[in-house]
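Open the model in your viewer and keep the sequence panel beside it. The stops below can be selected one after another.

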Amino acid sequence: MAEKSVTILGSTGSIGKSTVDIIRRYPDKYRVVALTGNKNIALLAEQAKMLRAEVAVTADENNYAALKELLAGTDTRVAAGADAVVDAAKLDADWTMSSIVGAAGLLPTMEVVKRGKTLALANKETLVCAGEIVMKAVKDFKTTLVPVDSEHSAIFQTLEEKHRDAFDRILLTASGGPFREKDLAFMESVTPEQAVAHPNWSMGAKISVDSATMMNKGLEIIEACHLFAVTPDQIEVLVHPQSIVHSAVGYKDGSVLAHMGMPDMRTPIAYALAYPERMESPTAKLDLTKLSGLTFFAPDETRFPALRLAKECQAKGQTATAVMNAANEVAVGAFLNREIGFLDIARVVEKVVETSDLPPVATIRDVVAVDAAAREAAARCLKG
Ligand code: NAD
Ligand code: MG
């Protein structure tokens, strides 16, 4: 097979490391153009050396000299700063993994879209804050967008285009996170350590907290609306603690096509990397005889108000979801820094959404401005 050129935005994170783990197994198949990271430059340099990357970029300007030093004597070019990450996204690559966390991924991801090649999208916040603009650009630039979020990869694989008119609903599964069975009194005083200890998936800190509040499922409802042109009322969230059914699509005739697999992100990453073919992945094979059962429950929006909030914001439009996303990023950061309690996260988000102006957004620049204003509003809310 011909060599494929690849870039990984956010190569040092949880998704980034899993992507590197697949690519490193096939040195003749993939040529690595750019790798980007932020604080962990030791890992970034190690990855760049191992994969002989053409470019390594740290988003943190203060890390430039140290990264340069770590990569001295190699052919890898080094750059630093947020603009350098955007420049790395502009470099020609057949396939790009977008796995930066948060709205920081928006501008680089948009540059990938504009190149019209293949975008493997893990960075769901990009669609939450600018889904309409991004999806229009995907169409205009004829970009191949393959979702990496496990649920959306599952839906992508089971939503049959040829039977689109017979589509009935999406069944979006959720693990329920570490506090699935806990009451509000317990949740009021949980620590960051308890919140990031996800029962089934090993992930970055921000998405782990989002899973614990179920804001992650709220973000995923919005993500699915943009990816699959559906509305929240066509999506049924199901708490499924075993994380084996990654999501399903129901049809008018009563058929439900579900996607199953072990909870290992290397499966949806490999799917996106090989698309439209399939490839081997190092994921353990699913053995159904070893499962003690698969269970499904309706979610509890009283204990997990983030779910309701996300649906309300999606109904209000793209500005509201951008505000919600920014406020959530600030609130999660404050919780991880022990400045606020776990249940305050949704309170802060709700307050910021309620009190923010929601001007229409037409361009990415507008979204960036809305995002910045919402971050300031969230910071004020934390102080007050
Ligand atoms: P992570 O925190 O482990 O990694 C984040 C990556 O982004 C790192 O490479 C970091 O260096 C980089 N980064 C952080 N701040 C940055 C900034 N300001 N500018 C540029 N780069 C920056 O996160 P993760 O768990 O790998 O998640 C990444 C994305 O994938 C998120 O959007 C998340 O919602 C999504 N996702 C993750 C999983 C998972 O299993 N981890 C599953 C589905 C979707
Ligand atoms: Mg997911």
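Which residue in β5 is the bridge partner of Thr-7? Select Thr-7 and then Thr-96, its bridge partner in β5.

Before going on, note that this is a predicted model, in which local features need pLDDT of at least 70, side-chain atom pairs count only at pLDDT 80 or more, and totals for chains, interfaces and linings use all residues. Residues are numbered from 1 along each chain as its sequence is written, chains are lettered from A and ligands numbered from 1 in the order in which they are written, and side-chain values use heavy atoms, with hydrogens and water left out.

**Strand β1**

Select residues 4-9, strand β1. Helices (H or I, at least four residues) and strands (E, at least two) are DSSP runs, numbered from the N terminus. Of the 6 residues of β1, 6 are buried, so the strand is largely enclosed by the rest of the structure; buried means under 20% relative accessible area, exposed over 50%, and partly exposed in between (1.4 Å probe, protein chains only). Lys-4, Val-6 and Ile-8 lie on one side, and Ser-5, Thr-7 and Leu-9 on the other.

Tyr-30 of β2 stands opposite Lys-4.

**Helix α4**

Go to residues 82-90, helix α4, where the buried residues are Ala-84, Val-85, Val-86, Ala-88 and Ala-89. These pack against β1, β2, β3 (55-58), β4 (77-80) and α5 (106-114); contact means heavy atoms within 4.5 Å.

**Two domains**

Colour 4-147 as domain 1 and 317-384 as domain 2; the bounds come from an automatic or database domain assignment. Their C-alpha centres lie 26 Å apart. The contact takes 12 residues from domain 1 and 13 residues from domain 2. The two domains bury about 950 Å² between them, 66% of it on carbon and sulfur atoms; buried area is the accessible area (1.4 Å probe) that two parts lose on being put together, summed over both. In domain 1, select Val-128, Cys-129 and Ile-133, which lose the most area to domain 2, together 50% of what that side buries.

**Val-352**

Finish at Val-352 in helix α15 (residues 344-355). Val-352 counts as buried because its relative accessibility is 1%. Leaving aside neighbours within four places in sequence, Val-352 is in contact with Val-323, Ala-327, Ala-374, Ala-377, Ala-378 and Cys-381.

Definitions and conventions:
Two strands pair if DSSP finds at least two bridges between them.
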